[in-house]
Amino acid sequence: MEKDAARAAPAPGERSLPRAAGSDQFLRFIDVRKSYDQKTLVVKGFDLDVAKGEFITLLGPSGSGKTTVLMLLAGFESVTGGDIVIDGVSVARAAPYRRNIGMVFQNYALFPHMTVADNLAYPLTVRRMDRAQIARRVEEYLALVELGGYGERYPAQLSGGQRQRVALARALIFEPSLVLMDEPLGALDRKLREQMQFEITRLHKQFGFTIIYVTHDQTEALTMSDRVAVFNEGVVQQCAPPNVLYERPDNAFVAGFIGENNLLPGTVAAAEGEDVRVALGGGHEVTARRGDAGAPGSACTLSVRPEKVHIATDGRPAENGVTATFVMRHYVGDFIRYYFRLPDGSGIVAKMLNHAAAPQFSDDETAHLHWRAADCRAFAVK
């Protein structure tokens with residue numbers, strides 16, 4: 001019933017929405033562009049197909065375009081070019097209320113003068129649902145977010161985590177086809193963030209609704225998402241499952257932005273199929289998987305994550321390894337971070353689990369580090 005109301009007939013003077021070309025995808029961004037001054041594009045040719053029930057996170061630094069894409073999808077901003085299609089219907093020119101979308105914001109956006117129950121009832125009331133149905137649905141969704149008995153309280157009487165649960169329940173209660181979340185956990189402390197991450201993923205698995213989630217928190221993106229789209233300067237650098245982003249980044253930006261990484265300057269010495277030989281400073285040469293590195297003789301950046309860097313405990317150089325000088329170590333609790341310096345002055349970090357056999361070094365002691373060719377990638381310098 002409420003879905004039929006959300007797809008209500010056009011208001012006087014408003015055109016019907018055209019059907020888009022057939023697609024197995026539930027949500028499609030097709031060459032979407034956005035400019036605020038008709039000169040500079042803040043979103044540049046964004047293409048993305050989203051399957052029904054997927055959890056997609058838009059991740060990137062401030063000003064990269066991720067929130068703008070969310071606002072375009074919600075209808076709060078108009079597209080400059082391209083199209084947005086939901087369930088086969090073009091919505092690029094549709095009013096926000098016609099898109100059947102639920103939204104969760106960082107600042108909760110709850111009505112302070114309404115009780116929790118009234119906040120949840122509001123989207124059902126505007127859809128003209130029967131009063132008895134509304135009461136049943138409110139109780140159901142309060143229980144769903146573990147706030148049974150809180151219906152008569154006001155938002156000011158709740159903790160931050162409880163207010164965000166109410167905001168989440170209000171976004172889901174009218175059973176939208178799509179849920180958008182804009183930095184929903186940004187105002188919470190670490191413990192509450194982790195609890196809410198669990199709650200959101202639990203509800204997503206339980207109900208299977210489609211989520212487009214915006215965050216700048218990499219851990220949040222990697223732990224919650226089916227796929228992550230990494231933005232930079234209005235362009236998606238890579239969209240892939242979390243493990244692919246982390247293990248096989250497409251370029252140096254993604255490698256440097258996602259998690260910790262050692263990015264070492266080098267030169268492509270030779271190409272061997274999908275591998276390249278990379279010359280590093282100090283006469284070292286290692287094998288790496290070829291990312292977007294150029295031809296032999298071109299400058300490149302070698303990417304290897306700290307946990308993939310091994311310290312040779314027998315004191316002997318290993319294959320695909322380098323000799324480095326120990327600088328310092330940081331005790332972090334469950335792991336230890338070792339800092340080294342290569343002959344060309346570049347820094348390199350190794351991470352090891354904290355255990356009795358963790359090596360000890362004196363200042364400026366020589367160490368031998370190595371890693372698998374499969375665990376490092378060579379990228380072009382841009």
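Axes here are lines fitted to C-alpha atoms, for helices over the stretch in contact, and the angle between two of them runs from 0 to 180 degrees between N-to-C directions. The exercises below use this convention on a predicted model.

**Exercise 1. Describe how helix α3 packs on helix α4, and decide which class of angle applies to the pair.**

Step 1. Helix α3 and helix α4 (residues 131-144) pack with their axes 9 Å apart, at an angle of about 125 degrees. Angles under 35 degrees count as roughly parallel, those over 145 as roughly antiparallel, those from 65 to 115 as roughly perpendicular, and the rest as oblique, so α3 is oblique to α4.

Step 2. The crossing of these two helices, α3 and α4, is right-handed. On the α3 side the contact is made by V116, A117, L120, A121, L124 and T125, while α4 contributes I134, R137, V138, Y141 and L142.

Step 3. Sorted by class, the contact of α3 with α4 holds nine nonpolar residues, one polar residue and one charged residue.

**Exercise 2. Work out how α3 is placed against helix α5, and which residues of the two helices meet.**

Step 1. The axes of α3 (residues 116-125) and α5 (residues 160-172) come within 8 Å and cross at roughly 25 degrees. Since angles under 35 degrees count as roughly parallel, α3 and α5 are therefore roughly parallel to each other.

Step 2. In passing α5, α3 makes a right-handed crossing. The residues of α3 that take part are V116, N119, L120 and P123, and they meet V166, A169 and R170 of α5.

Step 3. The contact of α3 with α5 comprises, by class, five nonpolar residues, one polar residue and one charged residue.

**Exercise 3. Carry the analysis on from α5 to helix α6: what are the angle and the axis distance, and which residues meet?**

Step 1. For α5 and α6 (residues 190-207) the packing angle is about 20 degrees, and their axes lie 11 Å apart; α5 and α6 are therefore roughly parallel to each other.

Step 2. The crossing in which α5 passes α6 is right-handed. From α5, the residues G161, Q164, R165, L168 and L172 meet L192, M196, E199, I200 and L203 of α6.

Step 3. The residues of this contact of α5 with α6 divide into six nonpolar, two polar and two charged.

**Exercise 4. Decide whether L59 is buried or exposed, and identify what surrounds it.**

Step 1. L59 belongs to strand β3, which covers residues 55-59. Its relative accessibility is 0%, and because buried means under 20%, L59 counts as buried.

Step 2. Leaving aside residues up to four places away in sequence, L59 touches K66, T215, H216, D217, Q218, A221, V228, A229, V230, F231, F257 and I258.

Step 3. A separation in sequence can also be set against one in space: L59 and M181 are 122 residues apart along the chain, yet 12 Å apart from C-alpha to C-alpha.

Conventions
Residues numbered from 1 in each chain as written. Predicted model: local features only at pLDDT ≥ 70, side-chain atom pairs only at ≥ 80, totals over all residues. Heavy atoms only, no water. Helix = DSSP H or I, 4+ residues; strand = E, 2+ residues; numbered from the N terminus. Left-handed = near helix turned anticlockwise from the far one by under 90°. Contact = heavy atoms within 4.5 Å. Nonpolar A, V, L, I, M, F, W, Y, C, P; charged D, E, K, R; others polar. Buried < 20%, exposed > 50% of the residue type's maximum accessible area, 1.4 Å probe, protein only.
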